[in-house]
Amino acid sequence: MITAYRSNCTSLELQSIATANDLPSDVVWIDLVEPTREEEGHIEMLLGIDVPTRDDLKDIEPSSRFYIEKDAVYMTASLVWKVASDAPSLTDVGLILVGNRLVTIRYAQPTSFALFVAALHRIPADMRSGSALLAKLLETIIDRTAEVLEQAVARIDILSTHVFGERAKRVRRPSNFLEEKLRDVAGYHRLISKVRDSLMSLSRLLTFLHAVPTVQQDHEARDLCRNVSRDIQSLSEHASFISGNITFLLDASLGLINIEQNSIIKIFSIASVVFLPPTLVASIYGMNFQFMPELHAPFGYPLSLGFMVISAVVPFFFFRWKGWL
């Protein structure tokens with residue numbers, strides 16, 4: 001699907017435009033969403049550029065994600081999407097600056113693009129050039145990334161409360177409670193890792209974009225790119241901090257699991273020690289020797305039961321006194 005936007009923020013269908021001369025000069029943004037080969041060929045004919053395919057975006061070398069060819073600036077950014085699912089991932093988005101137009105090629109639906117389209121009419125008229133729109137799009141992507149990090153922090157705080165708060169209240173938890181929380185921790189770790197990879201990709205893109213002559217000549221776009229670069233640096237540090245908190249939560253959860261397992265083993269160990277003396281008494285009086293005077297005593301049976309109870313109770317209270325139970 002191809003959607004073109006003019007400088008007055010109205011959309012335009014490009015399928016009906018047959019030649020490059022018929023393309024309106026005020027078209028500043030062309031958005032290709034999962035384009036077919038015919039649609040890619042149509043854009044190549046109208047703009048005189050090579051449009052990267054899905055395989056090109058996926059297989060491009062990390063060192064060749066940014067280049068200039070035939071006066072067109074090619075860039076590839078990795079954006080986070082599916083952040084609300086159990087499997088957040090990265091999607092590669094192609095960005096092309098050709099003349100005064102911005103061309104985007106994407107095979108996913110990141111939320112940042114929907115937000116950018118919704119806010120397109122709020123961009124000042126003097127900033128609706130291709131380079132300025134690219135800077136605004138990057139700003140929207142960073143704002144969305146910051147929102148993702150804020151939501152992740154809030155959920156991690158709730159998860160931390162579940163792991164530690166209920167322990168402090170001595171609320172009995174299901175046996176597999178911590179194991180389930182470990183899966184949640186792993187999911188947040190994956191999300192933050194994807195965000196950090198995306199921020200690294202955007203940081204490299206901004207570094208390359210600063211040297212592009214088209215951006216250097218556009219003062220508004222240059223200032224926006226500089227602000228976005230600072231935001232990326234701040235978010236990268238914040239993402240590293242969140243990653244450290246997740247690592248702590250992971251280690252703490254594993255430690256709590258070990259403590260609970262040790263507590264169970266300790267209970268079995270103490271139980272075996274408590275029942276050992278009664279077992280000894282029962283074993284002694286269970287021997288079948290002919291000369292055992294206690295067997296003929298009138299109170300032999302209740303006395304032996306009493307010894308067994310006393311021998312079990314004394315170690316129990318001794319362990320309680322020591323604080324082992």
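Axes here are lines fitted to C-alpha atoms, for helices over the stretch in contact, and angles between N-to-C directions run from 0 to 180 degrees. With that in hand, the axes of helix H8 (residues 276–284) and helix H9 (residues 300–322) come within 7 Å and cross at roughly 160°. This is a predicted model, in which local features need pLDDT of at least 70, side-chain atom pairs count only at pLDDT 80 or more, and totals for chains, interfaces and linings use all residues. Residues are numbered from 1 along each chain as its sequence is written, and side-chain values use heavy atoms, leaving out hydrogens and water.

**The chain as a whole**

- The protein chain has 9 helices and 7 strands. Both are DSSP runs numbered from the N terminus: helices are H or I with at least four residues, strands are E with at least two.
- The chain has 325 residues, and 41% of them count as buried. Buried means under 20% relative accessible area, exposed means over 50%, and partly exposed lies in between, with a 1.4 Å probe and protein chains only.
- Take the contacts between residues at least 6 apart in sequence: 66% of them join residues at least 24 apart. Contact means heavy atoms within 4.5 Å.

**Helix H8 against H9**

- H8 and H9 are roughly antiparallel to each other. Angles over 145 degrees count as roughly antiparallel, under 35 as roughly parallel, 65 to 115 as roughly perpendicular, and the rest as oblique.
- The crossing of H8 past H9 is right-handed. A crossing is right-handed if the near helix is turned clockwise from the far one by less than a right angle, and left-handed if anticlockwise.
- H8 brings Pro-277, Pro-278, Val-281 and Ala-282 to the contact. They meet Ser-304, Phe-307, Met-308, Ser-311, Ala-312 and Pro-315 of H9.
- By class, the residues of this contact of H8 with H9 are 8 nonpolar, 2 polar and no charged. Ala, Val, Leu, Ile, Met, Phe, Trp, Tyr, Cys and Pro count as nonpolar, Asp, Glu, Lys and Arg as charged, and the others, Gly among them, as polar.

**Helix H7 and its partners**

- Helix H7 (residues 219–274) packs with H9 at an angle of about 140°, their axes 9 Å apart.
- In that pairing, Ile-270, Val-273 and Val-274 of H7 meet Ser-311, Ala-312, Phe-316 and Phe-319 of H9. The contact of H7 with H9 has 6 nonpolar residues, 1 polar and no charged.
- Helix H5 (residues 177–210) also packs with H7, at about 160° and with axes 9 Å apart. H5 and H7 are roughly antiparallel.
- H5 passes H7 in a left-handed crossing. The contact of H5 with H7 has 21 nonpolar, 8 polar and 5 charged residues.

**Helix H1 and its cover**

- Buried residues in helix H1 (residues 37–47) are Glu-39, Glu-40, His-42, Ile-43, Glu-44, Leu-46 and Leu-47.
- Their cover includes strands E1 (2–6), E3 (27–33), E6 (89–98) and E7 (101–106).
- Gly-48 follows H1, with a positive phi near 70°.

**Loop residues to look at**

- Most residues other than glycine have a negative phi.
- Glu-34, not a glycine, has a positive phi of about 45°. Glu-34 sits in the loop between E3 and H1, and is partly exposed at 46% relative accessible area.
- Lys-82 also has a positive phi, near 60°. Lys-82 is in the loop between strand E5 (72–81) and E6, and is partly exposed at 43%.
- Pro-52 lies in the loop between H1 and helix H2 (54–59). Pro-52 counts as buried, at 14% relative accessibility.
- Leaving out residues up to four places away in sequence, Pro-52 touches Glu-40, Leu-57, Tyr-74, Ile-96, Ile-105 and Tyr-107.
- Asn-8 is in the loop between E1 and strand E2 (11–12), and is partly exposed at 45% relative accessibility. The C-alpha atoms of Asn-8 and Leu-120, 112 residues apart along the chain, are separated by 9.5 Å.
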